[in-house]
Every structure is written in structure tokens, then in C-alpha cells.
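I opened my notebook to go through one protein model.

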Amino acid sequence: MVLKSRIALALAAIMLMPVTQASSADYDPPIYVDQAPDYVPVEVGSGWYLRGDIGYAFSHPFDHEETPAGFTSKSSLFDGSVGMGYHFNDYLRGELNFGILPTNRFGDNFITTCDGSITTTVTNVATGTLVSQTNAPASAPCNGSNIANNKAYSLMANGYIDLGTYVGLTPYIGGGLGVVYSKYNRAIGQRDCAETTTTNTAGGFQTVDQFNCDDPAGYAGAVASKGSYDLAYALAAGVSYQVTKNVSVDLGYEYFAIPDAEYVAYDGGAFNIHKGVDYQSVKVGLRYDLW
């Protein structure tokens with residue numbers, strides 16, 4: 001009896017074995033998926049800004065020793081620049097700027113003589129026939145002048161330190177290095193020759209004297225011109241105010257120097273070449289953040 005029971009249990013186990021294996025094969029373990037990171041939008045242009053300013057040089061970059069009678073001068077003491085900058089952090093930023101520096105044009109006027117020739121023509125008034133015609137060297141009074149001008153352009157890399165914001169105002173200090181292209185032109189003894197004609201009638205004859213100028217190239221005077229690239233540096237300080245999220249205005253001071261630049265200046269009647277340009281200016285600027 002016991003033997004029959006054991007045999008029955010063994011047969012039941014054999015019959016249930018495929019069912020158990022099939023159930024194990026159909027079991028799918030749970031799938032675990034890592035959570036995707038939060039989407040962070042990329043700010044195109046973040047940290048970059050556009051800027052521009054205009055300044056006035058209250059210390060003149062080109063000095064004249066005297067301004068006598070007949071001296072004329074026209075100077076532009078305004079300068080300006082445009083460029084792009086980058087905020088490295090809340091306190092440090094850098095810029096690359098192209099600028100136009102102050103310019104001047106000056107000269108003096110005087111009366112001198114111009115060489116040429118006089119053609120004298122004599123005609124008979126009654127008959128209109130030519131009696132004689134002669135040509136001889138001569139000179140005549142004319143206006144003379146000495147003129148000169150200076151101009152320059154800059155490309156500067158500047159760095160600034162913002163010293164924190166207080167009641168909406170952000171003071172800053174900075175400086176920069178760059179290259180300046182400067183050029184001067186000078187024309188000494190330039191003459192303005194004018195051809196003139198005089199007519200006299202006497203004794204039935206008409207005499208016409210015509211003054212003829214020589215080749216105009218001879219009246220240009222001594223002309224000199226030079227352009228050069230020189231190292232420049234600048235020191236600056238100021239304060240800025242954020243008007244909107246993207247727009248800031250600033251008011252600043254700048255000292256600008258080009259130690260090796262040459263320029264022409266009026267020195268006691270002579271148009272001499274000087275070396276070294278420096279000046280101080282007050283500036284008003286605008287910055288637009290690209291974010």
C-alpha cells in the first residue's frame with residue numbers, strides 16, 4: 001500500500017514538471033529605466049555683448065606753440081569706437097574695439113610772388129591789326145599758404161574689472177593695448193597762382209598785358225606725408241548703469257597714449273614733426289548684452 005502511494009506521487013511530480021518549467025519560461029522580470037535629465041536650453045550668445053562710445057578730448061592731443069595772425073586751425077576733439085565684448089564672470093570682461101581718434105587741420109596764409117610770364121599784345125584800335133606781341137619772364141603777387149593735418153585709427157584689446165553693483169551703479173576700472181595707424185600730411189610754401197589781364201588804350205593803340213602762370217606743379221610747395229603703425233595703450237575708469245536686462249549705459253574717463261606716433265605741429269612759424277601723442281577724454285557709452 002505504501003509502495004503504491006509512493007509510485008502515485010512520483011508520477012504526479014513527473015506530470016507537473018513541464019507545467020512548472022513552462023510557467024518559469026513565461027515569467028518576464030521588471031524593466032528599470034533611468035530618469036532622463038531635465039532639459040536645459042542653450043543660451044546662444046550668452047556672455048557676449050556689443051558696445052559703442054563717443055568721447056571728447058579735453059586735453060588736446062596736438063599742441064601748437066603759438067597761433068599768430070593768419071593762422072587757422074580746425075580740430076575735431078571727438079573720438080569714438082565700436083566693438084564686441086565678453087563677460088568672463090560677474091567681475092571680469094574683455095573687449096575688442098575699432099576707433100577713430102581726434103584729428104586736426106591747420107595752416108597759415110601770407111602774400112608771396114608767383115613766377116610766370118607776361119604776354120604783351122599791341123593792336124591798332126582803328127584797323128584792328130596786330131602791331132606787336134612779346135613774351136617775357138615776370139612775377140606777380142599771389143596768395144601763399146602752409147597747411148598740415150593729422151589723423152589716426154585704433155584697434156584695441158581692453159580688459160575691465162567691475163567692482164560690484166551699488167544702488168544700481170557699477171563702478172569699473174580697466175586698461176588696454178593695441179595698434180594705432182596714424183598719418184600726417186604737410187605742404188610748405190604752397191602758392192595759389194592766378195592769371196590776370198590788364199588793358200590800356202592810348203594814342204589809338206590798345207595794349208593788353210596777360211600774366212601767365214607757370215606749370216601748376218611748381219606751386220605745390222614742399223609736400224611730405226607719412227603713415228605708420230604704432231603700439232598704443234589706454235587706462236580707464238568709470239561707472240555703468242543697467243537700464244534694461246540687456247542694455248547698459250556708462251560714463252567713463254580714459255587716458256590714451258601712442259608713445260612712438262609722429263605728428264606735425266605749428267612751432268613759431270615752422271611746421272615741425274613731433275613724436276608722442278597722448279590725451280585724456282571723457283566718454284559716454286552703450287552696451288547691449290546678447291542673451
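**Entry 1: disulfides**

I started with the rule: a disulfide is a pair of cysteine sulfur atoms within 2.5 Å. I also noted that this is a predicted model, where local features need pLDDT of at least 70, side-chain atom pairs count only at pLDDT 80 or more, and totals for chains, interfaces and linings use all residues. Residues are numbered from 1 along each chain as its sequence is written, and side-chain values use heavy atoms, with hydrogens and water left out.

How many disulfides does the rule give? I get two disulfides.

I looked up Cys-193 and Cys-213, which form a disulfide with sulfur atoms 2.0 Å apart. Their link is left-handed, with -95° about the S-S bond. For the elements, I used DSSP runs numbered from the N terminus: helices are H or I with at least four residues, strands are E with at least two. Cys-193 sits in the loop between E7 and strand E8 (196-202), while Cys-213 is in strand E9 (residues 205-213), so I wrote down that the pair links distant parts of the chain, 20 residues apart.

Is Cys-193 buried or exposed? My scale is relative accessible area, with a 1.4 Å probe and protein chains only: buried is under 20%, exposed is over 50%, and partly exposed is in between. Cys-193 has 18%, so I call Cys-193 buried. Cys-213 also comes out buried, with a relative accessible area of 18%.

Next I took Cys-114 and Cys-142, a disulfide with sulfur atoms 1.9 Å apart. This link is right-handed, with 90° about the S-S bond. Cys-114 lies in strand E5 (residues 103-124) and Cys-142 in strand E6, so the bond ties together parts 28 residues apart in sequence. Both Cys-114 and Cys-142 are buried.

I then numbered the bonded cysteines in sequence order and got the pairing 1-2, 3-4.

Most residues other than glycine have a negative phi. Val-167 is not a glycine, yet its phi is positive, about 45°. I found Val-167 in the loop between E6 and E7. Val-167 is exposed, since its relative accessible area is 81%.

**Entry 2: cavities**

On a 1 Å grid over the protein atoms alone, a cavity is a set of points where a 1.4 Å probe fits but cannot get out, and lining residues have an atom within 4 Å of a point. Grid points are joined across faces, edges and corners, and a volume is the space filled by probe spheres set on the points.

I count three cavities of 30 Å³ or more.

For classes, Ala, Val, Leu, Ile, Met, Phe, Trp, Tyr, Cys and Pro count as nonpolar, Asp, Glu, Lys and Arg as charged, and the others, Gly among them, as polar. The largest cavity's lining has 14 nonpolar, nine polar and nine charged residues.

The second largest cavity has a volume of about 100 Å³. Of its 15 lining residues, Phe-62, Ala-152, Ser-182, Ile-258 and Val-277 are closest to the centre. E11 gives the largest share of this lining, four residues. By class I noted 10 nonpolar, two polar and three charged residues.

Definitions and conventions: On a 1 Å grid over the protein atoms alone, a cavity is a set of points where a 1.4 Å probe fits but cannot get out, and a pocket is an open set with protein on both sides within 12 Å along at least five of seven lines; lining residues have an atom within 4 Å of a point.
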